[in-house]
Structures are given as structure tokens and as C-alpha cells.
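Here are a few notes to read alongside the model. Have the 3D view open and follow the points in order.

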Amino acid sequence: MKKIILSLAASLFLAAPAFAKDTLTIYTYESFVAEWGPGPAIKAGFEKSCGCTVEWVALTDGVAMLNRLKLEGKDTKADVVLGLDTNLTDEARSLGLFAPHEIKDARLNVPVAWDDAEFLPFDFGHFAVVYDSEKMNTPPASLDELVNGDPNQKIILQDPRSSTPGLGFLLWMKSVYGDKAGEAWTKLKPRVLTTTPGWSEAYGLFTKGEAPMVFSYVTSPAYHIEVEKTERYKAASFKEGHYLQVEVAGAIASSPELPLARTFLAYMLSPGFQDEIPATNWMLPAGTTDKPLPAAFGKIVKPEKTLLFTPAEVNANRRQWIDEWLNAVSG
């Protein structure tokens, strides 16, 4: 009898809610949580500080996250969404799902003024055409040279309907060519080897040698310098300027873990998170760091001009500009 009582007491003790860990579900993109990405270290660091469990839900890209939120609505399982960018924030905000982050006087290090009440940046970087210097002696020095260049020198792009870099390239084209963007897309079409759903597929094809150019970031060559000890892959500097991406995160208002979600957003801006960004996500940190940037970041292209539409401009025109792209490349 004594053994039965002790066994029952032990069972009740183990089942007690006080000993259950809170779980924070975070939607993000696949490369963020890959074993070589920042996700594993950030998960371990935050779990140690909060006594909770972080559960990543990996989707292809920021656009895929936005589409998932549209489908799920207020029934979403996400507590935090990490990996949208400023080109998507206005549309994401219109869903009515995000809560104010309530973080005042955040110490941010981004090249644009920031006053968003719901979304906070975690990294940023300028887009660029990355090329293989062993296959291409003279890379394009402008977007115009890319558009009008040798069609035998191919580039791999990403789909703006499913990829934030793909959308970034579309916005870069629009910011440079304006009303003549459709014509520019038609001229560029013979140079495009393929258009992939996301960045990972495109960059993988590029490094396998399928094409001498890929659309990526000015920071991408830093990875090859630091990890592979090669300067073979370089970013081309474009005279018109480079389009900027600022990646953000936000907390879901209906989340039962909203206080914990806001705690994560605060942690996101701290060195525990930000120190992981440069050498794993290969972007520039948007918050406070304790460690210097890897030496390879001193060798990357420094754009002389930044191109960027406001979130409201993108939200108002994105569908029309995508249709313009579709009409040009499918004709």
C-alpha cells in the first residue's frame, strides 16, 4: 500500500503544471534554423535565459510565412513570426494579427529611421548580384549592364511571389526603371537561367556551377571568405545603387504566450542573438553586439546609394508590379 501511495504521489508531482515548460512557437525561414544557421544557438541561448522551450516552424521564405498567416488567421499557432521584411510588413499588419512590441528606446543599428510599433528589425543587408570570378572576368557594373548584357552569361533569380529576395529584385528593377520596368524585364529574360521558389535553391544551383551569376546579398561573399577560405565568389557593385532588405520579427496578439513572445523580441536585440547573425545568417546585425564583425565583412561591397520603397508603397503596388513581371517573362 505504501508503495502505491508513493507511486501515486510521484505521478502527481511529475504531472503538476508548475513543472511544465512554456513553449514559444516561432515561424521563420528554413535557412535560419538549418544546422549551419543562427537558429540552433539562438534557441539554446534563449531557452537558457527563459526556462522555456523554443519550437521553430520552418517555412521556405518570408513570403511563405505571410501566406501561411493569411490562411491561418487568428487560428495561427505562431507566437512570433521572424523573417518578414519591410516589403511585407504593411500587408502583414493589415491582417490584424500582430501586437505592439512595447519595447521602448530600442538600440537599433539599421540604415533607415525606425518607428514601427509592431515589428522590430533583427538584421539587414543590401541585395547584390553575386558572380563566380573564375567564370566571369567582367561582371556587370550596373543594373542596366545586367539587363542588356550577354545572354550567354546567365543569372539565377528567385520568384517574387514566394521569395523575399525575389521580391527585392523586382523592387530594385522598379526603383531603377519605373514605368519602363516591363521593357527591362523583357530584355533581361534571355539572361535568366531559371527562377527558383526561394534563395536556398538558387544559391545552391549557383555554387554547383549552373550559372555564373545569382541574385543574393553583398554579404554573401563573406561566407566563402570566412568558411571556405576563397575569394572566388564576389558581389558586383552597381552604379545605380543597391536595394536594401531589413528583416523583422513581430509577436502575435492572440498568442497565449504573448509576454514570453515580447521577452523574445527584447532578447532578439541583445548580443545573445545579434552576435550569431553575421557568421551564420551572413547579414548585418540590427541590434546590440559584443563581438566585432568577421574580418571578411571588411571586404564586401559598400553601396554608395541605398534604394528602398516604403512598406506602404510596396503594399499598394506589389500585385500590379508582379503582374507586370509575369507578363514580361511569360510572353
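1. Start with helix 7 (residues 164-177) and helix 8 (residues 181-188) in this predicted model. Their axes come within 9 Å and cross at roughly 120°.

2. Which residues in helix 7 and helix 8 meet? From helix 7 come Phe 169, Leu 170, Met 173, Lys 174 and Tyr 177, and they meet Ala 181, Ala 184, Trp 185 and Leu 188 in helix 8. Sorted by class, this contact has eight nonpolar residues, one charged and no polar.

3. Now look for Phe 169 again, this time in the largest nonpolar core, which has 101 residues. Phe 169 is listed with Leu 84 and Phe 273 as having the most contacts inside that core. Strand 5 (residues 120-132) supplies the largest share of the core, eight residues.

4. Leu 84 deserves a click of its own. Not counting residues up to four places away in sequence, Leu 84 touches Gly 62, Met 65, Leu 66, Ala 92, Phe 98, Phe 119, Val 246, Glu 247 and Val 248.

5. Last stop: Ser 31, in helix 2 (residues 30-33). Is Ser 31 buried or exposed? Its relative accessibility is 15%, and the cut-off for buried is under 20%, so Ser 31 counts as buried. Leaving aside neighbours within four places in sequence, Ser 31 is in contact with Trp 36, Gly 37, Pro 38 and Ser 200.

How values were computed: Residues are numbered from 1 along each chain as its sequence is written. This is a predicted model: local features need pLDDT of at least 70, side-chain atom pairs count only at pLDDT 80 or more; totals for chains, interfaces and linings use all residues. Side-chain values use heavy atoms; hydrogens and water are left out. A nonpolar core is a set of buried Ala, Val, Leu, Ile, Met, Phe, Trp, Tyr and Cys residues joined through side-chain atoms within 4.5 Å. Buried means under 20% relative accessible area, exposed over 50%, partly exposed in between (1.4 Å probe, protein chains only). Helices (H or I, at least four residues) and strands (E, at least two) are DSSP runs, numbered from the N terminus. Contact means heavy atoms within 4.5 Å. Axes are lines fitted to C-alpha atoms, for helices over the stretch in contact, and angles run from 0 to 180 degrees between N-to-C directions. Ala, Val, Leu, Ile, Met, Phe, Trp, Tyr, Cys and Pro count as nonpolar, Asp, Glu, Lys and Arg as charged, and the others, Gly among them, as polar.
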